[in-house]
Amino acid sequence: MMEYRKLPHGNKNEQFSVLGLGMGGIQKSSPAEIERVIRRAIAHGINFFDLCAGGKSVYEPFGRAIAGRREKVFFQLHFGAVYNDKGEYGWSRNLKEIQETVAWELEALGTDYADFGFLHCVDEDRDFDSLVQEGILDYIKEMKDQGKVRHIGFSSHTPSVAERVLNTGLMDMMMFSINPAYDLEQGDELGIGSVLERAKLFRRCEMEGVGISVMKPFHGGKLLDERTSPFHTGMTRYQCLQYALDRPGVLSVVPGVRGMEDLNRLIGFSEAPAEEKDYSIIGKFTPAAALGNCVYCNHCLPCPVGIDVGLVNKYYDLALAGDAMAASHYGKLTVKAGDCIFWRKHPETGIRPDASAKAAFR
């Protein structure tokens with residue numbers, strides 16, 4: 001069965017399917033195909049959608065597909081994503097253009113509200129500055145006051161800028177790029193931020209009740225093929241999806257689909273056995289600079305269960321050297337080495353805390 005996760009700042013009915021869909025690549029499909037894709041997705045329990053970058057041709061078929069079930073479907077509209085006369089996607093910081101685009105989108109969708117009004121593509125400080133200075137943030141706030149936007153959110157690729165947006169205290173959702181390549185600093189120009197910066201951002205969202213919807217879970221498809229993966233090892237779609245879902249704060253992953261074929265590759269996720277979602281293969285992806293003895297750099301973070309790997313290893317090494325205080329400090333940690341899910345799933349590997357070091361390390 002499909003798993004659903006509740007929006008922390010939402011009501012009891014705002015529960016999103018962990019597998020969502022992005023519409024950014026479906027614009028080349030026919031209107032009939034787009035409508036069939038959405039109907040089939042909904043029939044398989046998918047209720048969360050991102051409508052950015054799909055082109056004008058997506059909206060009316062999407063609206064027809066959700067007619068009669070609007071309250072059971074949730075979607076993100078991006079205030080700043082606009083379309084030219086040919087229906088092609090672009091972006092803008094012009095308030096009037098954005099207002100006209102949003103009004104058209106709601107009409108084409110056959111609804112009078114958006115579940116999320118997003119500040120679009122806030123990747124640089126100047127992006128956020130312009131969204132505020134041009135009155136776009138105020139416009140979304142006004143739409144929320146009128147009930148035309150249920151929640152305010154934003155999309156970004158940059159941890160430092162995302163932190164700044166979160167400082168407003170207005171955000172209920174953040175759309176962010178998450179995959180092993182980005183989190184291990186082996187991605188492209190959109191995999192911005194250090195391991196620690198990204199981990200800190202995800203933990204902050206979880207702590208403050210800001211949900212995360214995930215874009216680029218497959219690193220643009222590169223992670224699915226050993227020939228293009230930065231790790232020279234291919235991962236499956238299900239492994240990538242589960243990896244993203246195990247990050248702190250994540251509510252839904254929204255991979256893009258180009259048509260029915262792509263959807264069919266995804267919809268078995270909720271029924272797949274755990275071993276098909278097991279992404280422990282990333283244990284082999286440790287950056288070369290981190291090989292050898294642990295230097296407590298935490299380049300291996302984020303850990304899905306919250307283990308501070310660098311600190312655990314530091315206490316471990318000090319305890320081996322006879323430092324009783326280090327063992328005592330370790331004993332006070334909320335999450336210990338024994339909580340490692342890789343160790344629990346694969347005890348045969350021998351990767352576990354060494355019981356002979358100190359009794360506290362278990």
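**Reading a buried arginine and its surroundings**

Mentor: Let's start with Arg198, which is buried, with a relative accessible area of 0%. Buried means under 20% relative accessible area, exposed means over 50%, and partly exposed is in between (1.4 Å probe, protein chains only). Before we go on: this is a predicted model, where local features need pLDDT of at least 70, side-chain atom pairs count only at pLDDT 80 or more, and totals for chains, interfaces and linings use all residues. Residues are numbered from 1 along each chain as its sequence is written, and side-chain values use heavy atoms, with hydrogens and water left out.

Trainee: Which residues does Arg198 touch?

Mentor: A contact means heavy atoms within 4.5 Å. Leaving out residues up to four places away in sequence, Arg198 touches Pro159, Phe176, Ser177, Ile178, Tyr182, Asp183, Gly191, Ile192 and Gly193. Arg198 itself is found in helix H8 (residues 195-208). Helices (H or I, at least four residues) and strands (E, at least two) are DSSP runs, numbered from the N terminus.

Trainee: What is the order of the strands in the open sheet?

Mentor: For pairing, DSSP has to find at least two bridges between two strands. Here eight strands make an open sheet in the order S3-S4-S5-S8-S9-S10-S11-S12, with parallel pairing. At the edges sit strand S3 (21-22) and strand S12 (250-253), each pairing on one side only. Strand S3 runs parallel to strand S4 (residues 48-50), and two bridges join them. Across that pair, Leu21 stands opposite Phe49 in S4.

Trainee: On to charges. How many salt bridges does the count come to?

Mentor: Side chains of opposite charge can pair when their charged atoms come close. The rule for a salt bridge is a side-chain nitrogen of Lys or Arg within 4 Å of a carboxyl oxygen of Asp or Glu. The count comes to 19 salt bridges. One of them pairs Arg164 with Asp129, with the closest N and O atoms 2.6 Å apart. That pair links distant parts of the chain, Arg164 in helix H6 and Asp129 in helix H4 (residues 125-133), 35 residues apart.

Trainee: In the salt bridge of Asp172 with Lys144, how far apart are the closest N and O atoms?

Mentor: They are 4.0 Å apart. Asp172 is buried, at 7% relative accessible area, whereas Lys144 is partly exposed, at 33%. For a network of salt bridges, look at Arg258, Glu261, Asp262 and Arg265, which are linked in one.

Trainee: And the nonpolar core: which residues touch the most other members?

Mentor: In soluble globular proteins, nonpolar side chains tend to be buried together. A nonpolar core is a set of buried Ala, Val, Leu, Ile, Met, Phe, Trp, Tyr and Cys residues joined through side-chain atoms within 4.5 Å. The largest one here has 83 residues, and Leu21, Phe49, Phe79 and Leu119 touch the most other members. Helix H9 (residues 237-245) gives the most to this core, with six residues. There is also a second, separate core of 11 residues, including Phe48, Phe118, Met175 and Val254.
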